[in-house]
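Please read it alongside the sequence and coordinates shown here.

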There are 2 protein chains.
Amino acid sequence: MTISFHIDHFGFLEDGTFKQRYLVADKHWQQPGGPILLYVGNEGDITWFCNNTGFMWEIAEELGAMLVFAEHRYYGESLPFGQDSYSDSKHLNYLTSEQALADFAVLIQNLKNTQPGAQHSPVIAIGGSYGGMLSAWFRMKYPNVVVGALAASAPIWQFPGMVPCGDFYKIVTQDFARSGYNCDTNIRKSWKAINNVSSTASGLQWLSEQFSLCTPLKTKNGIISFKGWLQETWVNLAMVDYPYEANFLQPLPRWPVQVVCKYLGFNSTVSDYQLLHGVSQAAKVYYNYTGSSSCLNMSESATSSLGWLGWTYQACTEMVMPMCTNGVQDMFEPEEWNFQVFSDECSAMFGVRPRADWAGTVYGGKDISSHSNIIFSNGGLDPWLAGGVTYNITDSLISIMIPEGAHHLDLRYSNDHDPPSVRAARALEVKYFQQWIRQATKTPQTSKT
Amino acid sequence: MTISFHIDHFGFLEDGTFKQRYLVADKHWQQPGGPILLYVGNEGDITWFCNNTGFMWEIAEELGAMLVFAEHRYYGESLPFGQDSYSDSKHLNYLTSEQALADFAVLIQNLKNTQPGAQHSPVIAIGGSYGGMLSAWFRMKYPNVVVGALAASAPIWQFPGMVPCGDFYKIVTQDFARSGYNCDTNIRKSWKAINNVSSTASGLQWLSEQFSLCTPLKTKNGIISFKGWLQETWVNLAMVDYPYEANFLQPLPRWPVQVVCKYLGFNSTVSDYQLLHGVSQAAKVYYNYTGSSSCLNMSESATSSLGWLGWTYQACTEMVMPMCTNGVQDMFEPEEWNFQVFSDECSAMFGVRPRADWAGTVYGGKDISSHSNIIFSNGGLDPWLAGGVTYNITDSLISIMIPEGAHHLDLRYSNDHDPPSVRAARALEVKYFQQWIRQATKTPQTSKT
């Protein structure tokens with residue numbers, strides 16, 4: 001279904017509207033007044049999130065809930081200016097988290113006003129990753145619209161000055177370190193090996209062949225991209241290190257980091273070529289588990305259901321998330337966080353500059369204790385844990401840790417291979433949902449007079 | 001002092017900044033960590049609000065507080081585009097309450113980061129009328145920035161569907177009814193008398209002379225404006241019905257509505273001309289108490305320190321406040337609330353259309369119980385009481401009633417003629433301030449790591 005929204009909620013000059021997509025499943029909804037579980041869409045196609053959020057489908061019957069999956073503006077089919085939405089900074093100007101939250105608020109108010117039986121339905125926001133951040137912020141900014149929120153693997157503190165910039169890559173490194181003998185050590189070594197091998201033309205050719213690259217490496221910049229692509233690969237693997245075969249960013253075996261690390265168990269005497277052969281085998285676990293790729297495309301590191309360009313714009317404006325590496329506590333080449341360089345890149349790419357402090361000001365940073373009814377769930381294997389809320393702030397701002405969990409494992413369909421920690425997390429989440437619903441039903445929100 | 005703000009906090013295309021004015025008084029500030037009382041500027045020149053908010057000056061020493069008075073964008077000297085700020089809807093596009101709140105948030109974060117001793121200072125927002133609404137909303141939306149808010153005479157519920165549209169004028173009428181014999185009855189009669197008298201050319205001339213109008217009445221539209229101007233005069237008088245001589249909207253005697261009503265105590269046999277002579281004398285109490293006006297200017301109904309045009313734009317966009325009269329429970333000519341007519345007028349005037357439901361969605365309407373630390377003070381004589389919060393919502397969303405108070409009397413300097421109710425209100429407000437400050441000092445907001 002679609003609903004028309006103002007392109008600009010915060011100004012009245014731009015009077016245009018656009019159609020936002022949302023999906024509804026009301027098979028188990030107990031009307032009137034049954035709860036609504038709202039998936040707060042993030043940076044991608046909503047059908048993909050819908051299919052990867054089995055948790056909501058599994059609890060709908062128990063809660064008698066309607067499910068609503070709302071697409072985030074500028075992603076999937078919810079394009080404010082159609083094909084022109086990404087054409088320049090003028091058209092991109094309405095791609096912000098505040099506008100998205102306003103969309104969701106208007107959507108819910110509209111549902112309540114038009115859907116028979118929904119007027120007094122308590123609404124719970126659910127989201128993962130950036131969607132989890134939105135979910136938490138939605139409860140903070142619109143507590144009149146949602147009675148509570150589940151923010152799964154939501155790095156709401158991954159902003160300047162809130163957490164150390166190196167924690168993210170430390171966690172990636174820890175995942176590899178515990179998933180196989182010398183696994184992190186060999187990845188740490190691989191960067192120098194790449195530099196060595198790529199210093200000759202024949203080495204470059206060998207590298208391209210080993211990695212079955214669709215476009216052979218030719219330049220020094222190509223090598224920088226190649227290393228960046230590999231780094232992203234390890235990050236993505238850590239994010240989706242699920243305990244069962246799954247297809248989130250890519251189709252992958254169960255515990256994919258362990259599978260990858262089988263190719264990286266060299267001892268210290270390994271040659272550069274041997275090592276990089278291992279790295280190439282490891283990369284192919286990620287990029288070609290199904291064996292269907294004839295070559296590896298460095299410009300595609302994850303599912304095309306995610307909107308890479310849109311997220312890059314958001315990172316270049318509000319979502320400024322400092323990251324850094326030192327090569328000691330992590331397995332990457334040292335790189336400091338440099339806001340100015342980042343800002344210049346953003347300016348070159350989009351003609352806009354990021355505002356480093358804005359997210360902290362508008363969303364409260366670490367000073368969020370006056371809010372209520374938010375669950376922050378975190379996976380111990382998930383690099384985004386670095387920016388997550390990992391302790392209970394109050395008795396209604398709850399943190400749940402899933403030590404064996406990767407990126408928002410709790411939002412996925414249950415699976416026989418699920419560790420007990422994620423089963424417990426889901427049960428606790430449902431318990432809080434029921435408590436919020438009871439609270440809302442006991443003291444119904446005042447309706448319009 | 002001034003601080004530079006982004007013209008658009010919610011978009012990154014408009015990269016310009018402008019200088020916002022704010023006033024600081026730190027004579028009594030106990031640094032480090034002493035509280036900051038922030039006056040949240042509303043639709044006018046901040047120096048005028050500063051001078052009319054004696055309450056803050058009087059409690060600064062007791063609280064060891066720094067006073068900050070922040071001007072609202074597009075008013076006073078804080079013009080984002082200088083002289084062009086009001087030139088068209090493009091330049092007016094950043095005149096919204098959300099942008100203003102973002103300004104205040106950035107101002108405080110900036111003060112805390114740059115002013116030695118202010119880093120851990122708890123901030124309390126204070127405002128009256130629209131500034132009171134902003135003050136309450138500031139606490140709701142930025143609880144990380146302010147620990148609490150005093151919203152004096154703040155009609156946060158004067159939006160569509162929240163309160164009956166006729167209550168405002170009912171309260172105006174009650175004020176006149178209790179301030180003199182037949183006072184409301186004669187004003188109710190006066191509209192027909194104006195219609196009668198103005199139906200002839202000589203009557204029109206008589207009217208213009210009686211009221212010493214700077215520009216004589218000539219047309220039927222002129223009569224409509226004249227009646228509108230009188231209606232506004234009665235409203236303003238009710239708003240500033242203070243128990244002592246004061247100069248807020250105009251210089252006025254103590255209990256001005258009683259003074260006005262002395263000219264309106266006719267019994268039922270009065271002629272149209274007698275009645276309107278009385279009305280003209282009454283109007284001159286408001287417009288010429290000091291005797292310095294040689295004629296009455298219908299285009300000036302209140303101090304020029306208020307930004308009439310800006311507020312009209314805000315009413316035409318977000319601040320949609322339905323008002324209506326029926327001539328029975330109030331003393332005015334019957335007029336229904338007609339959103340479509342209003343919207344068309346706005347479109348003609350500014351090229352923008354109001355969004356009736358937005359304020360309720362973004363600021364919570366009547367569903368604000370999850371917030372905390374807000375005092376809503378209301379005057380029993382104040383027409384804006386109609387849209388105010390007149391009951392305790394929770395034990396930290398408090399309503400204080402000042403039965404003998406007009407528009408935010410509690411914010412004014414104390415006076416020997418103050419009724420006990422306003423003295424008690426101020427004392428209670430300070431008690432809450434102290435409690436919020438203690439809370440904040442006990443559990444300091446987490447500072448940046």
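**Backbone features and chain arrangement**

In chain B, P32(B) lies in the loop between β2 (17-25) and β3 (36-40); helices (H or I, at least four residues) and strands (E, at least two) are DSSP runs, numbered from the N terminus. This is a predicted model, in which local features need pLDDT of at least 70 and side-chain atom pairs count only at pLDDT 80 or more, while totals for chains, interfaces and linings use all residues. Residues are numbered from 1 along each chain as its sequence is written, chains are lettered from A and ligands numbered from 1 in the order in which they are written, and side-chain values use heavy atoms, leaving out hydrogens and water.

**Confidence**

- Chain A has a mean pLDDT of 95, and 98% of its residues reach 70 or more; pLDDT is the predictor's confidence in each residue, from 0 to 100.
- The scores of the model are ipTM 0.93 and pTM 0.95.

**Backbone geometry**

- The peptide bond between Q31(B) and P32(B) is cis, with omega about 0°.
- In chain A, a cis peptide bond joins Q31(A) and P32(A), again with omega about 0°, and P32(A) is found in the loop between β2 (17-25) and β3 (36-40) of that chain.
- S129(A), a residue other than glycine, has a positive phi, near 60°; S129(A) is placed in the loop between β5 (123-128) and α5 (130-141) of chain A.

**Helix packing in chain B**

- Helix α8 (residues 201-210) and helix α11 (residues 272-287) of chain B pack at about 30°, with axes 9 Å apart; the axes are lines fitted to C-alpha atoms over the stretch in contact, and angles run from 0 to 180 degrees between N-to-C directions.
- This angle makes α8(B) roughly parallel to α11(B), a term for angles under 35 degrees.
- On the α8(B) side, the contact (heavy atoms within 4.5 Å) is made by G203(B), W206(B), L207(B) and Q210(B), and on the α11(B) side by Y273(B), L276(B), H277(B), S280(B) and K284(B).

**Relation between the chains**

Key: Angles under 35 degrees count as roughly parallel, over 145 as roughly antiparallel, 65 to 115 as roughly perpendicular and the rest as oblique.
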